[in-house]
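Try each task before reading its solution.

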Amino acid sequence: MLKSILISLAILFCTTIIESSIFTNISFFIVVPDFLLILSIYFSLLNGKLFGEITGFGSGLFLDFITGTPFGLNCLLRTIIGYIFGIFSRTVIISGVIMPVLSVGIGTILKRLLLVIISIVFPSINLNVYGFISKEFLFEFCANIVFAIIVFKIMGFFKKTLSLYDTKDMINNVQN
């Protein structure tokens, strides 16, 4: 388990660096696609609640160190999202196209909803939160869905290294 967690956190750290240094400088992107959210959802669906919490917290911690958001905000958001998607780890098969699109779409909406709730509860925190019906949210939603298919396929090559469970056990558990 420790090996899978360390490899996952290393992947998340490298993704944080790439996302914050390369993708923020591409002028095509209105909003940077949230690769850390996509990977956290993948790890949660692959390994369960505890793994989702750890990778969600880790990705949030990396993001909090690099961005100018209030410290702990991303840790809280991504830990909650990791836990929620980890609940479905033993019932959802993440191969294919539909489940990555559906799960990352729901995750993106959940992230935005949690941000809106936090900005309402704590109005003194200046969180540049854009609404659900805005071009920024729609671009982020569409970009996350498109990149979810690609990221889930690429991470599928490393499933045996990252998974805590045997693939045969996962299939048998879903069928029962």
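The exercises below go from ring pairs to the core.

This is a predicted model: local features need pLDDT of at least 70, side-chain atom pairs count only at pLDDT 80 or more, and totals for chains, interfaces and linings use all residues. Residues are numbered from 1 along each chain as its sequence is written, and side-chain values use heavy atoms, without hydrogens and water.

**Exercise 1.** Classify the ring pair Phe 13 and Phe 62.

Solution. Rings of Phe, Tyr and Trp (its six-membered ring) pair if their centres lie within 6.5 Å; planes under 30 degrees apart are stacked, over 60 edge-to-face, the rest tilted. The count under this rule is eight aromatic pairs. For Phe 13 and Phe 62, the centres are 5.3 Å apart and the planes at 75°, so the pair is edge-to-face. Phe 13 sits in helix H1 (residues 2–21) and Phe 62 in helix H3 (residues 49–66), 49 residues apart. Helices are DSSP runs (H or I, at least four residues), numbered from the N terminus.

**Exercise 2.** Classify the pair Phe 137 and Phe 141. Is Phe 137 buried or exposed?

Solution. The centres lie 5.9 Å apart and the planes at 35°, so this pair is tilted. Buried means under 20% relative accessible area, exposed over 50%, partly exposed in between (1.4 Å probe, protein chains only). Phe 137, at 5%, is buried. Phe 141, at 21%, is partly exposed.

**Exercise 3.** Which residues have the most contacts inside the largest nonpolar core?

Solution. A nonpolar core joins buried Ala, Val, Leu, Ile, Met, Phe, Trp, Tyr and Cys residues through side-chain atoms within 4.5 Å. The largest has 33 residues, and Ile 41, Phe 43 and Phe 152 have the most contacts inside it. Helix H2 (35–47) is among the contributing elements. H2 gives the most, with 10 residues.

Conventions: Helices (H or I, at least four residues) and strands (E, at least two) are DSSP runs, numbered from the N terminus.
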